[in-house]
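Please review the structure below with attention to ligand surroundings and helix packing.

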Amino acid sequence: MLINFGISVINVSKSLGNYAVLRNVSINTPPNSITCIAGPSGSGKSTLLRIIAGYLRPDSGRVLINGVDIYADSRAREVVNLVSYVPQDDLLVSGLTIRENLRLALRVQGLGNRVIEERIRWVSGLIGIGHVLDKRPGQVSGGERRRASIAVALARDHEFLIMDEPTNSLDRANVELLIRILREEAGLGRVVLVATHDQYLIRNSDRLYMIRAGELTTEP
Ligand SMILES: Nc1ncnc2c1ncn2[C@@H]1O[C@H](COP(=O)(O)OP(=O)(O)OP(=O)(O)O)[C@@H](O)[C@H]1O
């Protein structure tokens, strides 16, 4: 297990088309805590998370995960593999059942069959998706699909948990369950970074950044 030094975003800017989506954004997300990014719709939260998760290269600035610049360093793959990212639109493969989706994500990480089945049993109990494991994403409710996506992120080997609007489609009981899980994740020394509008989740976080029109307005 690696020692987690957290994530640092340093002066990141990004334009999409002619639009400056992010301007000179810097944030720090230490391990052992839940960091929230909040801001109005269109302020750049999802773009920032995509950049941090390794999916979108910034125009300028750096993203350091455990000190490794994920867009410049040859060790980038190693650390990005330990990022579990739940995008705003669930990334489940529609032709596979939830169980097959979980198996696929874990097999990609090189885990063995016995570990994979144990993890599936553990995570489906944790987040209450046992009854939908053999259904495809299109055959379950929005909340169940959301929990299935979160389950994939939790079941993978990871040290960095990044979630975009994770409480969307969740009822209050499941929001509370998610917060307990995030608290436990942080307690294990992981980085937990969440973009959200959810005031309840924000109140239960440790650190808050506010973003507006691509610029940070409030820092912890
Ligand atoms: N491919 C693109 N080309 C041009 N503009 C884009 C593109 N993708 C996003 N944008 C714009 O960038 C801005 C930030 O988008 P982003 O999805 O990061 O916002 P957000 O804060 O996550 O919003 P929400 O809370 O509604 O999900 C928006 O104004 C959006 O219209």
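This is a predicted model: local features need pLDDT of at least 70, side-chain atom pairs count only at pLDDT 80 or more; totals for chains, interfaces and linings use all residues.

Residues are numbered from 1 along each chain as its sequence is written.

**Ligand shell**
- The ligand is surrounded by 13 residues, a residue being near if its C-beta atom, placed from the backbone, lies within 6 Å; the closest are Leu16, Ser41, Lys45, Ser46 and Thr47.
- Strand 2 (19–29) and helix 1 (45–52) are the elements that give two or more residues to this shell; helices (H or I, at least four residues) and strands (E, at least two) are DSSP runs, numbered from the N terminus.
- Helix 1 gives the most, with three residues.

**Helix 4 and helix 5**
- The axes of helix 4 (residues 113–127) and helix 5 (residues 142–155) come within 10 Å and cross at roughly 135°; axes are lines fitted to C-alpha atoms, for helices over the stretch in contact, and angles run from 0 to 180 degrees between N-to-C directions.
- Helix 4 is therefore oblique to helix 5 (angles under 35 degrees count as roughly parallel, over 145 as roughly antiparallel, 65 to 115 as roughly perpendicular and the rest as oblique).
- Helix 4 contributes Arg119, Ile120, Val123, Ser124 and Ile127 to the contact, and helix 5 contributes Arg147, Ile150, Ala151, Leu154 and Ala155 (contact: C-beta atoms, placed from the backbone, within 7 Å).

**Helix 3 and helix 4**
- Helix 3 (residues 98–108) packs with helix 4 at an angle of about 130°, their axes 10 Å apart.
- Arg99, Leu102, Arg103, Leu106 and Arg107 of helix 3 meet Ile116, Arg119 and Ile120 of helix 4.

Note on methods. Two residues are in contact if their C-beta atoms, placed from the backbone, lie within 7 Å.
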